[in-house]
Amino acid sequence: MSLWIGVARCSMRLPYAGSLKDRRHIVRSLIEGAHSRFNVSSSDLGPKDIWQQACLGFAAVGSSHAELEERLENLKKFLYQRESCGEFEVVDFVREVFSYA
């Protein structure tokens with residue numbers, strides 16, 4: 001049986017975040033939404049001192065490559081759908097799925 005790991009990184013701009021509190025609100029909302037919908041672990045990767053930028057990291061474990069590709073693709077669609085609300089702009093989204101011994 002193989003163990004598969006999927007990781008993704010999403011860089012974004014938050015043009016209307018006027019404070020660290022605004023930034024945290026947006027980031028927390030995205031992290032909680034991703035966790036509840038896609039069962040992924042996530043983290044705010046920074047930068048901590050710039051309010052109008054954020055980089056989020058996501059990770060998931062599964063039993064097949066296809067399962068994780070689908071989950072990360074759905075995560076990407078979720079982020080782009082939320083982008084249409086206007087709170088943030090996705091600058092970059094990269095993902096990788098690999099087998100672990």
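Visitor: What percentage of the 101 residues in the protein do buried residues make up?
Guide: Buried means under 20% relative accessible area, exposed means over 50%, and partly exposed is in between, with a 1.4 Å probe and protein chains only. Here buried residues make up 38% of the 101. Before we go on: this is a predicted model, where local features need pLDDT of at least 70 and side-chain atom pairs count only at pLDDT 80 or more, while totals for chains, interfaces and linings use all residues. Residues are numbered from 1 along each chain as its sequence is written, and side-chain values use heavy atoms, with hydrogens and water left out.

Visitor: How many helices and strands are there in the protein?
Guide: Both are DSSP runs numbered from the N terminus: helices are H or I with at least four residues, strands are E with at least two. This protein has two helices and four strands, and from the N terminus on they run β-α-β-β-α-β. Its radius of gyration is 14 Å, close to the 13 Å that the globule rule gives for 101 residues, so the protein is as compact as a globular protein of that length. That radius is taken over C-alpha atoms, and the rule is 2.2 Å times the number of residues to the power 0.38.

Visitor: Which strands pair with β3?
Guide: Two strands pair if DSSP finds at least two bridges between them. β1 pairs with β3 in the antiparallel sense over ten bridges, with Trp4 opposite Gly62 of β3. Strand β2 (residues 41-46) is also antiparallel to β3, over five bridges. There, Ser43 stands opposite Gly57, and Gly46 has Cys55 as its bridge partner. A hairpin of six residues joins β2 to β3.

Visitor: Is β3 mostly covered or mostly open?
Guide: Mostly covered: seven of its ten residues are buried.

Visitor: Which residues touch the most other members of the largest nonpolar core?
Guide: A nonpolar core is a set of buried Ala, Val, Leu, Ile, Met, Phe, Trp, Tyr and Cys residues joined through side-chain atoms within 4.5 Å. The largest one here has 25 residues, and Met12, Phe58, Leu75 and Leu79 touch the most other members. At least two residues of this core come from each of β1 (3-13), α1, β3 (53-62), α2 and β4 (89-100).

Visitor: What is Met12 in contact with, leaving aside its neighbours within four places in sequence?
Guide: Contact means heavy atoms within 4.5 Å. Among the contacts of Met12 are Leu30, Ala54, Leu56, Phe88 and Val90.

Visitor: How is a pair of aromatic rings described?
Guide: By the distance of the centres and the angle of the planes. Rings of Phe, Tyr and Trp (its six-membered ring) pair if their centres lie within 6.5 Å; planes under 30 degrees apart count as stacked, over 60 as edge-to-face and the rest as tilted. This structure holds one aromatic pair. The rings of Phe38 and Phe78 have centres 5.7 Å apart and planes at 65 degrees, so the pair is edge-to-face. Phe38 lies in helix α1 (residues 20-38) and Phe78 in helix α2 (residues 65-83), so the pair ties together parts 40 residues apart in sequence.

Visitor: Are Phe38 and Phe78 buried or exposed?
Guide: Phe38 is buried, at 15% relative accessible area, and Phe78 is buried too, at 5%.
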